[in-house]
Amino acid sequence: MSQHFLIFGNHPRLSLAEFLTLESTSRLISQAPNACIVDLPGWRDDRLMDSLGGTVKLGDIILESDGLSLKPQDIAKIITQNQEVGALEFGWTTYGSDNKQKKIFEKYPIHIKKALKELGWKVRWVSGKGGEPLSPAAVAKCHLTEKPNADFCLIIEKGKVFLGRTTQVQDADAWSLRDYGRPCRDDVNGMLPPKLARMMVNLAQVPEDGTLLDPFCGSGTVLMEAALATTAEKIIGSDIDAQQIKDTKNNLEWLEREQIIQPDDQARFQTFISDVKTIAQHLPLKSVDAIVTEGWLGPLLKGRESVQELKKNAAQISQLWIDTLKALRPILKDKSSIVAVFPSFNIGSQIITTFDSINLASLGYKLDELPAKVSQEDLYYERSGQHLRRNIRRLLAA
């Protein structure tokens with residue numbers, strides 16, 4: 001089998017869990033802090049990039065080396081193989097935990113450019129700003145996935161060097177459109193980012209033609225991503241706030257107007273107003289295959305909260321989840337999954353959690369098993385400088 005690579009975004013462990021869940025037949029060959037090398041039967045780079053929320057680049061491994069034998073001249077020959085001499089552009093980014101080797105290979109583009117010129121090519125090296133990895137947007141803008149151009153990702157881990165050539169990059173414009181371009185947003189209270197919603201939907205493993213529910217649907221982010229990422233027959237959203245349900249409907253209709261989904265997809269959606277504690281009045285018993293949701297994250301943080309305030313907030317969120325899990329259990333099929341956000345708050349060196357105090361067994365749940373190489377503690381999403389962390393847990397209806 002041929003080998004392939006994935007480059008992850010800002011939450012690599014969560015992104016790895018998403019990929020391994022979605023592609024359970026893959027074999028993990030090597031792992032770096034922000035990347036991995038895999039074997040995957042039936043690899044489809046375009047389909048994968050359309051499906052994954054946490055992967056920013058992926059492509060094919062074209063060379064594997066111990067590092068010492070990899071020469072810039074060899075890379076120049078690979079780029080130009082079976083190509084008529086002309087002009088080309090290439091990108092180069094190194095990934096891995098061996099900083100000493102990374103520094104060596106970060107100098108390679110200069111030598112590759114020289115070797116290409118000696119072969120008669122007109123060459124431009126496209127680099128990231130300030131030494132940062134070359135962004136997917138830059139790769140797309142410069143057409144580096146189109147030969148003879150190339151975007152190279154060099155992944156170094158445990159003495160092995162893998163040279164990859166990018167074939168697909170994340171469509172930043174499409175993600176931005178579904179985030180900032182939709183008609184209804186709640187910038188005051190904040191919203192679940194679409195990329196995180198997509199990763200959570202993928203982690204939920206919604207069965208083909210199954211039913212997915214978001215009982216705190218807000219403006220419909222999970223429903224939008226589920227429509228794009230799953231074959232679920234029913235995608236249901238409920239919320240206690242009538243305005244949120246109105247916003248959800250507007251956003252789902254906008255998806256159709258933008259031709260992001262087909263008109264037939266509207267029949268998959270169902271929305272209604274409900275307190276989560278009485279949701280069983282609206283849905284049949286044992287009718288839901290998967291739940292993906294982000295509930296209340298507590299009052300908006302100003303950064304001046306005391307430990308006592310945050311503990312009080314955490315206790316309220318925990319109690320809400322105890323009531324929620326109790327109310328949801330009757331409508332869930334046995335062995336159905338819940339992928340949900342349980343926030344924690346950082347204040348100084350102290351972490352105040354909302355999940356640890358919940359007795360899952362007494363509510364009819366247990367922590368679900370994840371793919372090898374990842375754990376529940378790896379599943380989190382946070383932004384630099386913020387006190388709030390979104391901890392994601394995958395539960396199983398026992």
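## An enclosed helix

Helix 1, which covers residues 12–22, has 9 of its 11 residues buried, so the rest of the structure largely encloses it. Keep in mind as you read that this is a predicted model. The buried residues of helix 1 are Pro12, Leu14, Ser15, Leu16, Ala17, Glu18, Phe19, Leu20 and Thr21.

Let's turn to another pair of elements. Helix 8 (residues 194–204) packs against helix 9 (residues 221–229) at an angle of about 60°, and their axes lie 9 Å apart. The crossing of helix 8 past helix 9 is right-handed.

Which residues in helix 8 and helix 9 meet? Helix 8 brings Pro194, Ala197, Arg198, Val201 and Asn202, while helix 9 brings Thr221, Val222, Glu225, Ala226, Leu228 and Ala229. By class, the residues of this contact are 7 nonpolar, 2 polar and 2 charged. As a reminder, an α-helix has 3.6 residues a turn, so residues three or four places apart point the same way.

If you are setting up the cysteines, here is what the model shows. There are 0 disulfides in the structure. Cys36 takes part in none, and the nearest cysteine sulfur to it belongs to Cys153, 12 Å away. Seen from Cys153, the closest cysteine sulfur is in Cys36, and the 12 Å between them is too far for a bond, since a disulfide needs the sulfur atoms within 2.5 Å.

Are these residues buried or exposed? Cys36 has 0% relative accessibility and so counts as buried. Cys153 is buried too, with a relative accessible area of 0%.

Methods
Residues are numbered from 1 along each chain as its sequence is written. This is a predicted model: local features need pLDDT of at least 70, side-chain atom pairs count only at pLDDT 80 or more; totals for chains, interfaces and linings use all residues. Side-chain values use heavy atoms; hydrogens and water are left out. Axes are lines fitted to C-alpha atoms, for helices over the stretch in contact, and angles run from 0 to 180 degrees between N-to-C directions. Helices (H or I, at least four residues) and strands (E, at least two) are DSSP runs, numbered from the N terminus. A crossing is left-handed if the near helix is turned anticlockwise from the far one by less than a right angle, and right-handed if clockwise. Contact means heavy atoms within 4.5 Å. Ala, Val, Leu, Ile, Met, Phe, Trp, Tyr, Cys and Pro count as nonpolar, Asp, Glu, Lys and Arg as charged, and the others, Gly among them, as polar. Buried means under 20% relative accessible area, exposed over 50%, partly exposed in between (1.4 Å probe, protein chains only).
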